[in-house]
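Hello,

Here is the structure I promised to pass on to you. Please have a look at it first, and then read my notes below.

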Amino acid sequence: MSAMLAIVWMTPLMGAAVAAVLVPLLVALYFLKLRRRATAVPSTLLWKRSVEDVRANTPFQRLRPSVLLFLQLGLLAFVAFALMQPRMDLGLSSSGRSVIIIDASASMSATDLDGQKSRLAIAKTQAKERIDQLFAGGLFSTIPGETMVISFSDTAKIMQPFTRSSGDLKRAVDRIEQTDGGSRIGDALSLARAFATVVNPETQGATPSEGASLELWSDGRIADLAAEAIRPGETVSYHVCGRADGANVGIEGIAAERSATEPGVIQVFVTVRNDGPEAIETDLELAIDGVRRSVTPKPVKVPAASNSLAGTGGASVSATAAGSASAPYKPGYERVTFPPIIQPRAGVISVSLVRADSMIADNRASIAVSAPRRLRIAVVGAIDFATKNVVTAIPAEKVEFLSAAEFATRGVKSDEFDVVVATPAALPAQLPPGRYLVLGVPAGIEGLNPYGGKEKLSVRSQRSEHPLLHAVNLDDLFIAKATAIAPASDVESIVEGPDVPLVVVARRGPVAAVITTFEPLDSNWPFQRGFVTFVANAVEWLGALDQAAVQEEHHPGETLSVRTAAGVKEAMLTLPDGTTRPLQAREGSVTYGPLVRSGTYEFRWTDDRGEQRRMFAVNTAEGEGRIAAADQLSVGAQLVLGTGSEGGSLSDLWPYALAAALVLLVLEWWAYHRKNWIRPARGAKPVRPLGAIAPMIRS
Amino acid sequence: MSLFFQGQPNRKRLERVDDLIDAALMARIGQLDVVSRKIFTGKIQGERRSKRRGQSVEFADFRPYVHGDDLRFIDWNIFGRLDRLFLKIFLEEEDLSLVIAIDTSASMDWGDPNKMVFAQRLAMALGYIGLVNHNRVTIAAFGGEGGMQKISNLRGRRKTSEMGKWILNLKSGGTGSFEESMKALALARQGRGVMVVVSDFLIKEGYEKGLRYVAGRGYDLWCMQTLAPQEIDPGAHGLVGDWRLTDAEDRDEAEVTASPGLVEQYRANLGAWCAGLRDFAIRRSIIHMVVDTSTEIDALLLEYLRQRGLVR
């Protein structure tokens with residue numbers, strides 16, 4: 001149901017009562033005779049005749065059309081109107097249950113409305129005004145319905161369950177914090193519906209409460225809107241936050257990579273995104289740990305977004321509401337590669353736009369890099385010669401060859417080796433935390449479900465885009481025999497044989513493993529170049545999972561996890577705003593999440609090697625760069641028209657009504673005295689020439 | 001503040017005969033004479049030249065003798081020359097009876113200039129003209145408390161002071177019947193002449209019966225309808241707003257809201273009332289005039305009444 005312009009009456013009965021009393025009184029006064037001044041005249045003969053000609057001489061005079069009466073009635077109407085305290089409402093008034101849903105995603109931090117306040121701040125102000133409307137106090141005000149407050153970005157959060165306390169609701173609105181996450185409303189709608197549902201104890205059936213209305217403050221750029229639907233009985237009021245022509249430039253992605261030959265050299269890659277209708281030029285500034293290190297030699301040109309005015313909110317790339325044939329929205333991208341930078345230490349690399357726009361959250365992107373450190377590899381069990389040769393050829397800090405027994409004792413220290421290359425027989429039944437390349441099907445990993453063997457297999461399909469298979473050609477691979485497995489759904493199969501997986505990736509908590517279902521010597525793979533590449537890829541990928549030379553990029557809504565030594569109990573986390581908080585370490589890892597704000601997160605803990613430090617960079621959620629507010633929402637198959645929400649648009653109307661009443665008062669005063677001004681009274685004895693009275697002397 | 005708000009008329013008091021008529025006015029109107037459009041017979045030979053042939057010394061015409069004519073008026077010289085009898089006809093000079101009836105009812109004591117004062121001054125001026133021309137002047141006052149009063153058969157300039165004092169002593173007030181007064185005047189008629197009725201003619205029981213008594217009974221009748229400016233156009237003289245109007249004669253009350261529409265309606269009704277009186281007068285050879293009391297008396301006599309033929 002679309003929102004519509006409406007007037008909310010704060011105290012409707014008050015104005016109605018005043019009008020009901022005063023209007024009849026005024027009309028009665030017109031019926032009553034007036035107190036008159038007395039004077040003598042020569043004869044009342046002609047006067048009575050004249051009065052009879054004009055009106056009936058009854059105890060109550062007939063109500064005659066009178067400008068004064070109409071003016072006074074209009075004046076009273078305006079006064080009554082003002083007493084009702086009307087307000088211009090941009091949403092639908094509701095006396096039932098209302099759910100106030102406020103978008104706190106990154107795009108709501110844009111300051112395009114007034115240049116100072118963010119969209120979220122204005123939305124909070126409007127929401128509190130709305131609460132005032134719903135809970136307007138007054139002598140004759142109606143009883144408000146219950147209201148709850150939900151904020152959402154990547155996830156939803158109930159700020160205040162259903163209550164009739166406007167103070168609690170407004171405090172809940174004030175508690176809503178800006179996030180740098182994306183917009184996903186599904187959880188918020190589920191929560192709202194769950195709370196708004198009334199369970200009938202007799203029938204045990206759940207029915208949505210009648211009149212529940214959802215009031216949404218958002219810019220309409222909600223990723224999962226198309227997957228939602230408005231249910232019967234629900235009303236959705238969409239309060240548009242932001243300008244429809246809001247343009248923004250931001251850093252969409254950032255990556256850093258250390259050189260394979262010179263680990264102290266880092267190269268940084270940045271993708272700049274333009275959501276505006278015009279191409280822009282901007283400089284980029286690179287800083288490491290806050291120290292400026294590089295600036296682009298010339299401004300970077302970022303092309304304009306195509307069809308930037310596609311207005312319907314919904315999926316991040318949405319078509320127009322009516323499904324017109326116009327091209328879908330596509331932002332302009334420009335990829336920038338910075339010259340290699342010498343950074344042998346760990347640090348946080350930040351890239352900023354040297355350009356101001358209305359949304360600053362995405363003008364800066366960071367990535368944390370650790371100090372270059374080569375891998376520590378353990379080779380466990382009787383591994384075949386081919387694999388052994390490949391592993392020993394990998395440039396690593398150390399490669400240790402361990403027996404199954406040695407590994408069972410030393411492997412418990414999960415941080416001693418980065419990657420373990422093993423045969424399945426050499427691994428214990430309970431795998432210690434770590435990352436494994438297993439050449440065969442191990443028994444210690446759940447979800448593989450071996451059920452027999454297969455022979456004479458070839459590759460049917462492979463996921464070439466997977467990092468493990470980068471530059472790996474499996475066309476000529478033939479396998480004499482393999483273990484048949486029926487992997488669980490969370491086990492990723494990257495190479496498939498005719499009917500069984502051949503290479504899978506399994507993650508079980510702190511354990512990550514790349515598993516081949518066959519032994520290499522049971523195939524012709526060791527004699528192919530692809531095998532060398534695969535083993536090197538696997539070792540490098542496993543080593544990079546959480547402690548590689550180059551970090552992954554994180555976004556709000558995700559969870560950060562750090563591996564620590566087994567004996568560590570506690571770690572300290574420094575948040576982007578500088579505050580610190582202690583975190584408990586469990587099973588050799590510390591986790592924190594979900595992330596809310598972008599910036600640098602730093603974990604510190606102490607183990608037997610001294611103080612350890614680990615940094616993460618969290619960047620604004622993808623897709624939030626498009627800040628042009630949608631003027632309507634496409635919820636499933638329905639359209640919800642947005643109501644404008646330029647700052648302070650919920651305004652009182654009673655001052656205008658009072659001003660109109662004053663104008664009418666002046667008009668009434670003028671109309672009353674106009675009778676006296678028709679013919680100004682002249683002197684008692686007007687001096688007239690004889691000619692002027694000649695017409696009166698006649699026969 | 002306008003007159004209407006005062007409730008009482010602003011009457012200028014008349015204390016002396018000079019207040020009625022001053023020497024300058026007497027000098028200007030001394031040359032005037034009252035004219036009657038009708039042939040009448042005077043009781044004595046006066047200065048007036050009657051339209052009736054009679055026994056005066058002024059020859060008028062001859063006519064053939066018929067049986068029964070007075071032999072004393074046969075022109076014997078013509079009989080000697082023509083041997084036929086002709087009778088000499090002479091213009092008869094008669095005196096004129098001038099009756100001035102003043103309405104002294106309460107309604108006349110109103111307005112600025114006061115209608116009663118205006119009527120007194122008009123009666124004095126007309127009466128002076130009559131006295132100067134040796135007419136029999138009768139001044140009557142009707143409508144007052146004591147019924148009709150009159151001073152009769154004044155003649156000659158010497159009676160000017162007596163007439164003036166009588167007029168000065170007239171008191172307004174009362175609700176005397178117009179019809180009865182006119183009837184009494186008609187019955188007391190002595191000979192023929194000119195009768196001038198000065199009144200506002202705002203008579204609730206109607207003026208028709210009263211005028212019928214005096215019309216057509218040998219009087220050349222003039223109705224001088226005297227109205228104050230405040231009556232003629234009350235809206236221009238401050239009658240605005242809500243009023244309770246009290247009739248000066250019968251204390252009847254009328255509550256009015258003097259809106260422009262009502263004032264216009266009053267003016268229309270007043271015009272209709274005056275037009276009704278005029279139509280009634282025309283049908284009975286009565287001369288009707290509406291006179292605004294702000295009109296100067298000398299201008300009224302020297303210009304308007306002379307034009308209309310009452311004086312010359």
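**What I found**

Among the contacts in chain A between residues at least 6 apart in sequence, 72% join residues at least 24 apart. Chain A holds eleven helices and 39 strands, and 41% of its 699 residues count as buried. Please keep in mind as you read that this is a predicted model. For the complex, the predictor gives an ipTM of 0.80 and a pTM of 0.48.

**A covered strand in chain A**

Which residues of E5(A) are buried on each side? On one side they are A:Thr147, A:Val149 and A:Ser151, and on the other A:Met148, A:Ile150 and A:Phe152, so that both faces of the strand are covered.

Now for the partners of this strand. Strand E4 of chain A (residues 98-103) pairs with E5(A) in the parallel sense, over six bridges, and A:Asp103 has A:Phe152 in E5(A) as its bridge partner. Strand E6 of chain A (residues 156-163) pairs with E5(A) too, but in the antiparallel sense and over five bridges. There, A:Val149 has A:Gln160 in E6(A) as its bridge partner. A hairpin of three residues leads from E5(A) to E6(A).

**The sheet in chain B**

In chain B you will find an open sheet of six strands, in the order E6-E5-E4-E7-E8-E11, with mixed pairing. Strand E6 (149-154) and strand E11 (287-292) of chain B are at its edges; each has a single partner strand, so one side of each has no neighbour in the sheet. From one strand to the next, the twist averages 15°. Further in, E4(B) and E5(B) run parallel and are joined by seven bridges, with B:Ile102 opposite B:Ala141 in E5(B). Helix H10 of chain B (residues 260-283) packs on the sheet, where it touches strand E8 (219-227) and E11 of chain B. The direction of H10(B) makes about 150° with that of E11(B).

Another helix to look at is H7 of chain B, residues 178-187, whose buried residues are B:Phe178, B:Ser181, B:Met182 and B:Leu185. They lie on the same side of H7(B), because they cover an arc of only 95° around the axis. Among the elements that cover these buried residues are strand E4 (97-103), strand E5 (136-142) and helix H8 (208-214) of chain B.

In soluble globular proteins, nonpolar side chains tend to be buried together. The largest nonpolar core here has 91 residues, and those that touch the most other members are B:Ile100, B:Ala101, B:Ala123, B:Ala125 and B:Val198. Helix H5 of chain B (residues 115-132) gives the largest share of this core, with twelve residues. Apart from it lies another core, of 54 residues, including A:Val441, A:Val504, A:Phe534 and A:Val535.

What is B:Ala101 in contact with, leaving aside its neighbours within four places in sequence? Its contacts are B:Ala140, B:Phe142, B:Leu185, B:Met195, B:Val197 and B:Val198.

**A residue that touches both chains**

B:Leu245 sits in strand E9 of chain B, residues 241-247. This residue counts as buried because it has 26 C-beta neighbours inside 10 Å. Beyond four places in sequence, B:Leu245 is in contact with A:Thr39, A:Val41, A:Thr44 and A:Trp47 from chain A, and with B:Glu253, B:Ala254 and B:Val256 from chain B. B:Glu255 is ten residues from B:Leu245 in sequence, and the two are 6.0 Å apart, C-alpha to C-alpha.

**Where to be careful**

Chain B has an average pLDDT of 82, with 87% of the residues at 70 or above. Where pLDDT is low, the predicted coordinates should not be read in detail.

Technical notes:
Residues numbered from 1 in each chain as written. Chains lettered and ligands numbered in written order. Predicted model: local features only at pLDDT ≥ 70, side-chain atom pairs only at ≥ 80, totals over all residues. Core = buried A, V, L, I, M, F, W, Y, C linked by C-beta atoms within 7 Å. Buried ≥ 20, exposed ≤ 12 C-beta atoms within 10 Å, placed from the backbone. Helix = DSSP H or I, 4+ residues; strand = E, 2+ residues; numbered from the N terminus. Contact = placed C-beta atoms within 7 Å. Pairing = 2+ DSSP bridges. Arc of directions from axis to C-beta. pLDDT = per-residue confidence, 0-100. Axes fitted to C-alpha atoms, helices over the stretch in contact; angles between N-to-C directions.
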